[in-house]
Amino acid sequence: MNARMRLLLEQRIEKLGLLKTQLETSKELLYEIKNASVSVQKYEQAATEREIEKLLEQSLEQVADLINNTPIPPKDQ
């Protein structure tokens, strides 16, 4: 193998090493993004559940008020 071919081979090996490092870094970043996305989804779901619970509580309070404020008509005899 002549010197020029050896140099080209060494450069390719070095470049492949850099590409491998970049791929590993990209993989780690994608993993972090995925985890952050899942965290945001869980937060949004919890916030939605809290909003639903609040609406249900308000509805129950309104129903209770209606029941308590509705006069009972006298029975017909």
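Which side chain meets that of Glu10 in a salt bridge? In this predicted model, local features require pLDDT of at least 70 and side-chain atom pairs count only at pLDDT 80 or more, while totals for chains, interfaces and linings use all residues. Residues are numbered from 1 along each chain as its sequence is written, and side-chain values use heavy atoms, with hydrogens and water left out.

The partner of Glu10 is Arg6, with an N to O distance of 3.8 Å. Side chains of opposite charge can pair when their charged atoms come close. Arg6 and Glu10 lie four residues apart in helix H1, and are therefore separated by about one helical turn. Glu10 is partly exposed, at a relative accessible area of 44%, and Arg6 is likewise partly exposed, at 49%. Buried denotes under 20% relative accessible area, exposed over 50%, and partly exposed the range in between (1.4 Å probe, protein chains only).

The secondary structure of the protein chain amounts to one helix and zero strands; helices (H or I, at least four residues) and strands (E, at least two) are DSSP runs, numbered from the N terminus. Helix H1 comprises residues 3-69. The C-alpha atoms fill a box of roughly 120 × 15 × 10 Å along the principal axes. The radius of gyration is 34 Å, whereas a compact globule of 77 residues would have a value near 11 Å; this quantity is taken over C-alpha atoms, and the globule rule is 2.2 Å times the number of residues to the power 0.38. Within the chain, the C-alpha atoms of Leu18 and Gln45, 27 residues apart, are separated by 40 Å. Gln45 belongs to helix H1 and is partly exposed, with a relative accessible area of 49%.

Of the 77 residues, 1% count as buried. The accessible surface comes to about 8,000 Å², of which 59% belongs to carbon and sulfur atoms; areas come from the Shrake-Rupley method with a 1.4 Å probe, and for residues only the protein chains shown count as cover.

Two surface patches are described below. Patches consist of residues with over 30% relative accessible area and no salt bridge, like charges being joined within 9 Å and nonpolar side chains (Val, Leu, Ile, Met, Phe, Trp, Tyr) within 5 Å. Leu29, Leu30 and Ile33 form a nonpolar patch with about 320 Å² of accessible area together. Leu30 is located in helix H1 and counts as exposed at 58% relative accessibility. Glu49, Glu53, Glu57, Glu61 and Asp65 form a negative patch.

Terms used. Salt bridge = Lys/Arg side-chain N within 4 Å of Asp/Glu carboxyl O. Lys, Arg positive; Asp, Glu negative; His and termini not counted. Charge placed at Lys NZ, Arg CZ, Asp CG, Glu CD.
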